[in-house]
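Here is a short briefing on a sheet, its helices and the nonpolar cores. Keep the structure open while reading.

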Amino acid sequence: MRLAPTSIKRLGRDSVEVVWNDGHRSVYPNHHLRQHCPCASCRRQPPRSLPVFGAEISPIDISVVGRYAVSIEWSDRHDSGIYSYETLRQLCPCDFCHAGAAKPNAA
Amino acid sequence: MTALEDIRERLSEIRPPGFPRDVMAAGMVRSIDSQDGTVTIALEPRALPPQALNATVADIRRAVGALEGVQEVTVHVIQPQAVQASEAPNEEIGPIPGVRDIIAVASTKGGVGKSTVAANLALALGQLHQRVGLLDADVYGPSVPIMFGAGGRLRPSENQRILPLQKHGVKLMSVGFFLDDQSPVIWRGPMVMGLVRQFLKDVEWGELDILMVDLPPGTGDAQLTLVQQVPLAGAVVVTTPQEVATLDVQRGIAMFQRVNTPILGVVENMSHYRCPTCGKEEDVFGGGGGAHMAARFGVPLLGRIPLVTEVRTGGDTGQPIVVAQPEHPISKIFAQIARGTLEALEAERLAAPPPKIII
């Protein structure tokens with residue numbers, strides 16, 4: 001089975017929840033996702049699109065890209081990041097995924 | 001409530017270090033919003049170096065924050081326009097309204113008869129009561145106009161979109177409709193991507209069960225545009241049996257798998273040749289490449305199409321064999337491929353629904 005999210009939800013003001021088809025649940029703080037924006041201008045050194053100063057950042061729109069990714073438009077109007085499901089899962093900040101021992105379907 | 005005038009006045013006193021003008025005069029302030037003591041300012045810094053930008057943002061926060069009634073100041077830094085413009089073509093197209101499934105017909109290797117298969121498969125799907133459109137995305141070698149014997153002036157729809165041509169019950173769009181027969185298409189990648197985008201977005205496809213996209217061979221711009229910007233329901237991969245063809249097609253399959261596009265199945269074209277005089281069958285390109293590949297990637301072999309003259313003449317005269325001779329054994333094979341495609345689509349629909357998004 002291909003790993004894919006079954007739901008993607010804004011959780012309160014500061015995070016995004018992704019539930020996966022293997023049952024895993026990831027909760028991403030907004031700044032964590034924004035900081036790891038995979039787009040070319042964020043990934044180049046030094047980054048061309050600058051992080052937001054001041055208040056918390058939040059997604060204002062999330063849409064499905066093809067069958068493999070989602071794109072997120074942020075409140076700083078940055079919208080070129082395409083997060084493949086694979087990347088998104090690797091960004092999961094939970095202890096279980098970070099321990100490195102986690103197999104996706106063991107969750 | 002703090003008046004925007006007051007905020008503007010404060011901003012016009014702020015000059016970035018080493019910069020000749022203040023942020024208002026330089027046009028860096030894109031928007032100002034003031035609500036319940038919270039002021040939000042969008043700043044487009046252009047060529048400001050990072051240190052100067054940080055200092056400027058700090059200055060803005062301090063100056064505006066000192067205004068009466070302001071509790072919170074948020075400064076959003078917007079990336080320069082030039083960057084946004086160059087990235088705009090990557091914007092996704094999303095599902096096409098009225099179109100149920102978009103499927104790609106791909107081959108990665110040229111000359112395997114992909115367009116012939118696409119044309120006949122489109123017609124065979126039509127015979128199974130599907131409403132079908134065929135987008136010829138092979139901008140370098142458009143073949144849909146000849147295969148369908150379609151041409152003539154394209155007309156705009158009422159709302160100024162492009163109306164597809166219709167032939168044998170299939171809606172058609174091809175770059176070939178915009179060219180005379182001799183003019184070659186000499187285009188760079190971004191133009192190819194732009195055209196594929198336009199054919200998907202600006203053509204009035206109407207209500208369709210299946211929109212087939214005949215991709216140019218390879219793993220280049222047209223393919224990328226498609227897989228990144230529209231939710232493909234799946235891909236049909238066409239190959240010939242010989243080793244060198246199947247190697248190339250494996251790359252194509254790997255590309256689709258990387259972007260989670262399901263492979264609906266493999267069609268093996270020119271699988272063998274039957275001598276019209278003695279009836280002896282000859283495996284011109286060797287045997288079983290398609291079956292081999294299908295087994296290796298765990299995808300169905302949708303059908304094997306022998307090398308038969310009528311398939312070629314059908315394509316060249318604008319009367320594909322499926323409509324010219326619906327009872328021909330080859331047409332039966334295409335009907336079987338069409339049924340297999342529909343079954344695979346249905347299976348995929350059940351297996352991987354798109355995620356629910358709640359904002």
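What is the order of the three strands in the open sheet of chain B? The model is predicted. In it, the strand order is S1-S2-S3, and the pairing is mixed.

**The sheet in chain B**
- Strands S1 (29-35) and S3 (72-77) of chain B are the edge strands. Each has a single partner strand, so one side of each lacks a neighbour in the sheet.
- On average, neighbouring strands of this sheet are turned by 15° against each other, direction ignored.
- Strand S2 of chain B covers residues 38-43 and runs parallel to S3(B), with six bridges joining the two.
- Across from B:Thr40 stands B:Thr74, in S3(B).

**Helices across the sheet**
- Helix H1 of chain B (residues 4-11) lies across S1 and S2 of chain B. Its direction is at about 135° to S1(B).
- Helix H2 of chain B (residues 50-65) lies across S2 and S3 of chain B. Its direction is at about 150° to S3(B).

**Nonpolar cores**
- In soluble globular proteins, nonpolar side chains tend to be buried together.
- The largest nonpolar core here has 73 residues. B:Ile103, B:Val105, B:Ala122, B:Met212, B:Val213 and B:Ala235 have the most contacts inside it.
- Helix H4 of chain B (residues 114-127) gives the most to this core: eight residues.
- Beyond its neighbours within four places in sequence, B:Val213 contacts B:Ile102, B:Ala104, B:Val105, B:Leu135, B:Ala137 and B:Leu226.
- Another core, of 18 residues, lies apart from the largest one. Among its members are B:Val23, B:Ile41, B:Ile60 and B:Val64.

Definitions and conventions: Residues are numbered from 1 along each chain as its sequence is written. Chains are lettered from A and ligands numbered from 1 in the order in which they are written. This is a predicted model: local features need pLDDT of at least 70, side-chain atom pairs count only at pLDDT 80 or more; totals for chains, interfaces and linings use all residues. Two strands pair if DSSP finds at least two bridges between them. Helices (H or I, at least four residues) and strands (E, at least two) are DSSP runs, numbered from the N terminus. Axes are lines fitted to C-alpha atoms, for helices over the stretch in contact, and angles run from 0 to 180 degrees between N-to-C directions. Two residues are in contact if their C-beta atoms, placed from the backbone, lie within 7 Å. A nonpolar core is a set of buried Ala, Val, Leu, Ile, Met, Phe, Trp, Tyr and Cys residues joined through C-beta atoms within 7 Å. A residue is buried if 20 or more other C-beta atoms lie within 10 Å of its own, exposed if 12 or fewer, and partly exposed in between; C-beta atoms are placed from the backbone.
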